[in-house]
Amino acid sequence: MNDINPNIPFDFIGDIHGHATELKALLDQLGYTLQNGSYAHPSRKAFFVGDYIDRGPQIRETLQIVKSMVESNNAIAIMGNHEYNALCYHTRDHAGGHLRPHNSVHVQQHAQTIEQFKNHPAEWEGWLQWFTTLPLFYETEQFRAVHACWDDHHISYLKSILPNNCITGDLLAASVQEDSPFYNAIEATLKGKEMNLPGEMTFKDKDGHIRKEIRIRWWEDPAACTYRNISVHLMPDLPETAIDHSLFKHAHFYAATDKPVFFGHYWLQGNPMLFKNNICCLDYSVAKQGKLVAYRFDNEKELDDSKIVYV
């Protein structure tokens, strides 16, 4: 990890997914200029919350922009679930397969990256190695940043086993052992929290797959929520009935008194806005004709919708 003063102003930037054109437009709008091969700002730094690869048409260029900014101390970058998935997809398991199975769903998700690097295998190997240097979360006295979910219980566990908060070596294989504390912490931190829908209810996700689980608002107290209002995404067909509280016997949720937290991951739509004055999701579906979003953070304790910038 590079040495950047955490007290300087940061521009937090959401999931890019290989959309380098939009990234360059956003950096330009934020006042960054290309200097010696890296985008830089005279008084601010960028903070990328993960998911640089897959989906989009300019994955190689996106990675080059982000990495050059990190290496020149103009940015901090953390890991997204797509970088984690790529590591698992390309790492053999003890049975001769891969840590992330090469099934049709996983191949589809990773197809653009595979295609864009098919003639650059050595370069791709270098990017996989770089992914292992990306921390899974980041915290200062002023803010927290994570790709999908900040849960103190899971973050504390990961801090206890990850060197520099990064997943390397044998830890990658250990992380896919289902239902282990490590697996559960990785899943929540990089992919968010989910809960089963009641009865036989299902829905189709953004890729057309039938799902039984919904992504939940981990910053809300489940004891005060219904199935409908705990869902990250607006789903009118969800029942407006109280959740079975036994499902959350040991749940941790992000309190309104906690420091601001920045994250991506959730493929939101519409005009970017805060969920709460300490909860900022920056993923507004740039890979689905949406927006690439940033928040201009100046170490304030309460966030402000007017500081959201997007292209």
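**Entry 1: overall dimensions.** I compared the radius of gyration of the protein chain with that of a compact globule: for 311 residues the globule value would be near 19 Å, and the chain has 19 Å, so the two agree. I note that the model is a predicted one. I then looked up the box filled by the C-alpha atoms along the principal axes, which is roughly 55 × 50 × 40 Å.

**Entry 2: surface and burial.** I recorded an accessible surface of about 14100 Å² for the protein chain. Carbon and sulfur atoms account for 49% of this surface. Of the 311 residues, 52% count as buried.

**Entry 3: contacts along the sequence.** I considered the contacts between residues at least 6 apart in sequence; 64% of these join residues at least 24 apart.

**Entry 4: secondary structure.** I looked up how many helices and strands the protein chain holds: there are nine helices and 16 strands.

Entry 5: I turned to an open sheet of four strands, whose order is E6-E7-E12-E13 and whose pairing is mixed. Its edges are strand E6, residues 137-139, and strand E13, residues 279-281, each of which pairs on one side only. Neighbouring strands of this sheet are turned by 15° against each other on average, with direction ignored.

Entry 6: I followed strand E13 to strand E12, which spans residues 261-263. E12 and E13 pair in the parallel sense, over three bridges. I also asked which residue of E13 is the bridge partner of Phe263. The partner is Cys281.

Conventions:
Residues are numbered from 1 along each chain as its sequence is written. This is a predicted model: local features need pLDDT of at least 70, side-chain atom pairs count only at pLDDT 80 or more; totals for chains, interfaces and linings use all residues. Side-chain values use heavy atoms; hydrogens and water are left out. Two strands pair if DSSP finds at least two bridges between them. Helices (H or I, at least four residues) and strands (E, at least two) are DSSP runs, numbered from the N terminus. Axes are lines fitted to C-alpha atoms, for helices over the stretch in contact, and angles run from 0 to 180 degrees between N-to-C directions. The radius of gyration is taken over C-alpha atoms; the globule rule is 2.2 Å times the number of residues to the power 0.38. Buried means under 20% relative accessible area, exposed over 50%, partly exposed in between (1.4 Å probe, protein chains only). Contact means heavy atoms within 4.5 Å. Accessible areas come from the Shrake-Rupley method with a 1.4 Å probe; for residues, only the protein chains shown count as cover.
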